[in-house]
Amino acid sequence: MPGIAISADKLTRRFGKFTAVDEISFEIPYGAIFGFLGANGAGKSTTIRMLCGILAPTSGTGKVGGFDVQTQPEEIKTVIGYVSQRFSLYSDLTVTENLLFYGQIYGLEGTALSGRIEEILKMTGLGTFRDRLSGELSGGWKQKLAIANAILHKPKIIFLDEPTAGLDPLSRRSIWELLYQLAEGGTSLFVTTHYMEEAERCNTIAFISDGKILKIGQPAQLKQDLSRQILEVTCHPLMKASRLFSSLEGVRGVTVYGTTLNLNVNDQKAVEERVRAVAGREGVTVTSIKPIPASLEDVFSDLDSGGQADAKH
Amino acid sequence: MRNIRAIAFKEFIQVSRDRRTLMLLILMPMMQLMIYGYGINTDVKHLPTYVYDQDRTYLSRRLVDSFTQSDYFTVKVQATSMAQVYSALDKGLAQSALIIPPDFTGDLLKKKGAQVQMIIDGTDSTPATVALNSSQAIINAFMQNEGLIPVQVLPIDFRPRLWYNPDLKSTYFMLPGLIALVLQFLVPMITATAIVREKERGNIEQLLVTPIKPYQLILGKIIPYIFIGIFIATSIITTMHYLFVVPIHGSIVTLFFMTLVYLVVCLGIGLWASTVADNQQQASQLVMFLAMPSILLSGFIFPRESMPLWVKDISYLIPMTYFLQIVRGIILKGLGFFDLIGQVWPLLLMAVVVIVFSIRRFSKRMA
């Protein structure tokens, strides 16, 4: 299959008795952005490490760029780019010195290397900081440098481990613009993130929890598939109402959004009646109740709050 | 090869930007040279001495003069009571005292056997021993010169001579040893911290996903420190030779070749320390911990000949023990490579063992 950049088939990794990654399977075509979501410790990093060829899987198979993760880890390293969560380039080298160093490690030399560096400096906008020590760059620019570094050898597959963690919204947006640009060029991106609005930008997302993929699909599809519905209740006083509603039958969860409550419910009609009843009895003023479309966060929290049983069918 | 070169190059840039390390590399050898060259002088000379001459005759003054004329004693005060002498010794104003009783000359003339007392501060055994021996020699010479005993023709004409360091200058002994001391201390320290730094700052995480091999990383990281080690050794040897005028009797080439072998051992120790330590602080503590026994047991300061047997056995495991004999042998005695083969092969063996062991351990850790 030439169109598939990354594939995993029942990929598993155990550390002693602990199963960090449990039989995960997926396929990512070239040019796609694959969002990998999950809480800390869910198995995201272990998956990335296996796919990058630095950790051998216990069982199952994985292919990256046509190479087997079990038997060809060194070949994999030549065709991928990697952006780590923590800035791990040399902070005491300048921007160009870092790029020169890694360029050589990736086998580039002479004019080919300097030409490529110029190209990347222009593409990322790092040109103005070329002689700045990379440790003195701001968080956003550091991350851009890390991405610049990862694409030096024009890899068709890039792994990004929370590339925008802790960055301001503007930097995050410009980094995503860079990622789209890469995806348009046919590069496939494997991105882990905590930000739901970033997950929305991916072609495909997968939720991982306790080493298992709970749900995988396109963001729009996942939201549509959500078996529960969301009721937006505008009411007063908010915290008292939140306490009351969360104990109602048929309510799986209550989230406070500014001046409204979002109720995660099974049966919209029945719950609406119960809400009005308890509100009248306890002196809570309800201004409006309306169903709203689910967000990815709702999908995520639904999975997280024991919705796994539902997610399976 | 290209990978190794790339790493060595970036390592050079990093070292050149690290002011604190640079200062350490330049200042520490120079500081040690100044301390051991000027400061710590184990040659015992001009020991402050109180004289309590109760005889006050021509002969007693001649005796005091012969003490003064030797470089070993300097008469600070002519004491007027024993109490003054005791108090001076207690307070450390005097380290020795010469007491001549009132009937010194009288007893001599009567051939009765005169008495002279010498009190020496024995707190520090080194100057005390020197003072003891030299006072004995001064008295003997005095008796012969004054005709108190006949000049004899001895059945054995014993003529001891000091070779290699006839003036017994401690700088001759200490400064060549400094090459060993400084390298043993600095090289593992900078190597270990440079490698641990990559771990600490997460650089390793990025390198792991590149096609670089562990051995390339190690060699690339080690090469700059070989150059730095040679630079340090050169600076010590040059200063020692030109500023402190320590003659170099042997071959410079052999000296540098053996320094290179010793450098490999030191780099290996640093590499090993880097695989054990999690951060730079731990790494430098570990290196210091290893350097202490080396300095104390290798014969750098204390002669190994006077160590208990089991301590001496331990000192055979210390690379510095061999390297000290090699540098001192080459510099002071003009020995060649094959004269020193007994010290050369253990050092070569240690270099191979340490470096192979550390590289394997490092590769395993990295994978």
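Modeller: Here is a short tour, topic by topic.

Colleague: What should I know about the model and the numbering?

Modeller: This is a predicted model: local features need pLDDT of at least 70, side-chain atom pairs count only at pLDDT 80 or more, and totals for chains, interfaces and linings use all residues. Residues are numbered from 1 along each chain as its sequence is written, while chains are lettered from A and ligands numbered from 1 in the order in which they are written.

Colleague: New topic. Which residues touch the most other members of the largest nonpolar core?

Modeller: Ile158(A) and Leu183(B), in a core of 160 residues. Such a core is a set of buried Ala, Val, Leu, Ile, Met, Phe, Trp, Tyr and Cys residues joined through C-beta atoms within 7 Å. Buried means 20 or more other C-beta atoms within 10 Å of a residue's own; exposed means 12 or fewer, and partly exposed is in between, with C-beta atoms placed from the backbone.

Colleague: And which helix gives the most to this core?

Modeller: Helix 7 (residues 170–200) of chain B, with 18 residues.

Colleague: What does Leu183(B) touch?

Modeller: Leaving out residues up to four places away in sequence, Leu183(B) touches Gly229(B), Ile232(B), Ala233(B), Tyr262(B), Leu263(B) and Cys266(B). There is also a second, separate core of 20 residues, which includes Leu47(B) and Ile138(B).

Colleague: Now the backbone. Where is the cis peptide bond?

Modeller: Between His236(A) and Pro237(A), with omega about -10°. Pro237(A) lies in the loop between strand 11 (229–236) and helix 9 (238–246) of chain A.

Colleague: What about phi of Lys10(A)?

Modeller: Near 50°, a positive value in a residue other than glycine. Lys10(A) lies in strand 1 (residues 4–15) of chain A.

Colleague: Why does Lys10(A) count as partly exposed?

Modeller: Because Lys10(A) has 13 C-beta neighbours inside 10 Å.

Colleague: And Glu23(A), where is that?

Modeller: In strand 2 (residues 18–29) of chain A. Phi of Glu23(A) is near 50°, again positive in a non-glycine residue.

Key: Helix = DSSP H or I, 4+ residues; strand = E, 2+ residues; numbered from the N terminus. Contact = placed C-beta atoms within 7 Å.
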